[in-house]
Amino acid sequence: MHELKIDFTPLLGKFEIASRKGVSGSQAGAGAHARSTGERKAVLFRGKGLEFEKFREFTHDDDASMIDWKASLRSKKLMVKTYSEEQNKDVIFLFDVSNSMAYSSTGKLKSEYGAEVVSSLGYAIAESGDNLGLVMFNESVAAYLPPTSGINQYMRMKKFLSDPKHYDGKFDFVKVIKQLMNLVKRPAILVIVSDFIGLKGDWKRSLEAAAGKFEMIGIMVRDPLDNDLPEVSGQVVVSDPFSQDELLIEPKRIGKAYKSVSQKIMKDVKLSFQSTQSDFIILNTGESFVRPLRRLFLGG
């Protein structure tokens, strides 16, 4: 890749990396207050890195699902658990920079769009005080920025994302997950940004293995032509992004089958993430990612 056009403008507000499940007490109350006052604080994952602190009485600001019924029966009052942070969390982006991401029908390459997603979330995480890390991958790990905190770390991330030499190559998700497990020694929040094109082998087992060590979220980046072929007459030549193979097709004749296969792949990846209790979202390069990400993280 010779040139990248990445907009590094921070498009998301400050995110508070906390627990989606298992957090209650003062943190849950703070989250409810943040929503009511319009502050942008996101509750992301299930929250390894949190430890039980004490019980306290349930209030109207708390989520009813957090009620501890055993403690409530003992005290004859509705009780919830409160948690405290053990340490800053490590948030690592696993960013796909393989050949299939170097495609666009919209004027924005999937790799450029994905880099902007990573950058915007990365800036918010750096601002929150958590540790920020980056792994760029294709058929293996192409670049690694170990997690640490501070805005200088975000600037290092921008430099990595801006470097064309880190982009292109084949795609091997299974191999990369094996490398990642050896590279990152301690539990972390892992945000996987990819089009997930080219999955092969026992990739689902690799995903499950990663979910056993990391809190995960999957962000699928799609170009409109990944989902539907244009309704044009005649024949066109399409090429495999990972080989020199080319194929002559008639879009009108195979359009329905193409769309069906595309939808099946997206559904399979989504269900695979959900089966590991991980969040998953699909973003399209022809649309802004700001509202979908806020809706995912803020629930609004």
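Helices here are DSSP runs of H or I with at least four residues, strands are E runs of at least two, and both are numbered from the N terminus. On that basis, Phe196 sits in the loop between strand 6 and helix 6. The model is predicted. Its protein chain has 9 helices and 10 strands. Of its 300 residues, 46% count as buried. Among contacts in the chain with a separation of 6 or more, 77% join residues 24 or more positions apart.

**Helix 3 against helix 4**

- Helix 3 spans residues 110-128 and helix 4 spans residues 151-162. Their axes come within 9 Å and cross at roughly 170°.
- Angles over 145 degrees count as roughly antiparallel, so helix 3 is roughly antiparallel to helix 4.
- Helix 3 brings Ala115, Val118, Ser119, Gly122, Tyr123, Ala126 and Glu127 to the contact. Helix 4 meets them with Ile151, Tyr154, Met157 and Leu161.
- By class, the contact of helix 3 with helix 4 has 8 nonpolar, 2 polar and 1 charged residues.

**Helix 6 against helix 8**

- Helix 6 (residues 203-213) packs on helix 8 (residues 251-275) at an angle of about 30°. The two axes are 10 Å apart.
- Angles under 35 degrees count as roughly parallel, and helix 6 and helix 8 are therefore roughly parallel to each other.
- The crossing of helix 6 past helix 8 is right-handed.
- Trp203, Lys204 and Leu207 make the contact from helix 6. Asp268, Val269, Ser272 and Phe273 make it from helix 8.
- The residues of the contact of helix 6 with helix 8 divide into 4 nonpolar, 1 polar and 2 charged.

**Aromatic pairs**

- The structure holds 8 aromatic pairs. One of them joins Tyr123 and Tyr154.
- The Tyr123 and Tyr154 rings lie 5.2 Å centre to centre, with 75° between the planes. Planes over 60 degrees apart count as edge-to-face, so this pair is edge-to-face.
- Tyr123 is in helix 3 and Tyr154 is in helix 4, 31 residues apart. Both residues also belong to the contact between these helices.
- Tyr123 has a relative accessible area of 25% and is partly exposed. Tyr154 has 3% and is buried. Buried means under 20% relative accessible area.
- Phe137 and Phe171 form a tilted pair, with ring centres 5.9 Å apart and planes at 45°.
- Phe137 lies in strand 4 (residues 131-137), while Phe171 lies in the loop between helix 4 and helix 5 (173-183). The pair therefore ties together parts that are 34 residues apart in sequence.
- Phe137 is buried at 0% relative accessible area. Phe171 also counts as buried, at 4%.
- Phe137 and Phe171 are linked with Phe242 by ring pairs into a cluster.

**The loop between strand 6 and helix 6**

- Asp195 is in the loop between strand 6 (189-194) and helix 6. Its relative accessibility is 0%, so it counts as buried.
- Phe196 is not a glycine, yet its phi is positive, at about 55°.

- Most residues other than glycine have a negative phi.
- Asp168, a residue other than glycine, has a positive phi near 85°.
- Asp168 is found in the loop between helix 4 and helix 5. Phe171 lies in that loop too.
- Asp168 is partly exposed, with a relative accessible area of 22%.

**Ser72 in helix 2**

- Ser72 is placed in helix 2 (residues 69-75).
- Its relative accessible area is 7%, so Ser72 is buried.
- Not counting residues up to four places away in sequence, Ser72 touches Ile67, Lys77, Leu78 and Met79.

Terms used. Residues are numbered from 1 along each chain as its sequence is written. This is a predicted model: local features need pLDDT of at least 70, side-chain atom pairs count only at pLDDT 80 or more; totals for chains, interfaces and linings use all residues. Side-chain values use heavy atoms; hydrogens and water are left out. Axes are lines fitted to C-alpha atoms, for helices over the stretch in contact, and angles run from 0 to 180 degrees between N-to-C directions. Angles under 35 degrees count as roughly parallel, over 145 as roughly antiparallel, 65 to 115 as roughly perpendicular and the rest as oblique. Contact means heavy atoms within 4.5 Å. Ala, Val, Leu, Ile, Met, Phe, Trp, Tyr, Cys and Pro count as nonpolar, Asp, Glu, Lys and Arg as charged, and the others, Gly among them, as polar. A crossing is left-handed if the near helix is turned anticlockwise from the far one by less than a right angle, and right-handed if clockwise. Rings of Phe, Tyr and Trp (its six-membered ring) pair if their centres lie within 6.5 Å; planes under 30 degrees apart count as stacked, over 60 as edge-to-face and the rest as tilted. Buried means under 20% relative accessible area, exposed over 50%, partly exposed in between (1.4 Å probe, protein chains only).
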